[in-house]
Amino acid sequence: MRDEVDRLVAAWRRERPDLDVEPLEVLSRVSRLARHLDRARRLAFAEHGLEGWEFDVLTALRRAGEPYQLSPGQLLTQTLVTSGTMTNRIDRLAKKDLVERLPDPTDRRGVLVRLTAEGRERADAALAALLKQERAILAELPPERRRELADLLRQLTAPFDNVP
């Protein structure tokens, strides 16, 4: 079975035989898959009135376990955004009654961000929709090949995730 990347690579090999275009065979497919995944994610989130960044913050809180709260600093670490961006995101989510700010009992100046019941319901529903979309994307691969692919991708991504 051939795909668009096969055609792209063949064209580059014809036009630039002096270059080793082998990395394109893997990374162009990863890039194309990321675009398809992004579309599927946007659809899953839109079904529940959420944008991707909202899902990221809400699910970070949901994964924290009861009482579903984190400090803004912990949210920064999990979502990889700046403090100014996180403040804006928390403000916007609070206006939608998806999160609430609470005083941090261990730090008079600190706050905690807690998921509201509505935020939890939306995060759970959007996650279920996302998993349905992602299962459809992976449907062509048997389970053992999915595990193999996950292991290979982990080898590529781990160095990026483990940078201090």
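## Exercises on a predicted model

The side chains of D3 and R29 form a salt bridge with an N to O distance of 2.8 Å. The model is predicted: local features need pLDDT of at least 70, side-chain atom pairs count only at pLDDT 80 or more, and totals for chains, interfaces and linings use all residues. Residues are numbered from 1 along each chain as its sequence is written, and side-chain values use heavy atoms, with hydrogens and water left out.

**Exercise 1.** State which parts of the chain the pair D3 and R29 links.

*Solution.* Begin with the criterion: a salt bridge is a side-chain nitrogen of Lys or Arg within 4 Å of a carboxyl oxygen of Asp or Glu. Next, locate the partners: D3 is in the segment before helix 1 (4-15) and R29 is in helix 2. Helices are DSSP runs of H or I with at least four residues, strands are runs of E with at least two, and both are numbered from the N terminus. The two residues are 26 residues apart, and the pair links distant parts of the chain. A search of the whole structure finds 16 salt bridges.

**Exercise 2.** Describe how helix 3 and helix 5 pack.

*Solution.* Two packed helices are described by the angle between their axes and the distance between the axes. Axes are lines fitted to C-alpha atoms over the stretch in contact, and angles run from 0 to 180 degrees between N-to-C directions. Helix 3 (residues 52-63) and helix 5 (residues 83-95) pack at about 90°, with axes 11 Å apart. Helix 3 is therefore roughly perpendicular to helix 5 (a term for angles of 65 to 115 degrees). Contact means heavy atoms within 4.5 Å; W53, E54, V57 and L58 of helix 3 meet M86, R89, R92 and L93 of helix 5.

Methods:
Parallel < 35°, antiparallel > 145°, perpendicular 65-115°, else oblique.
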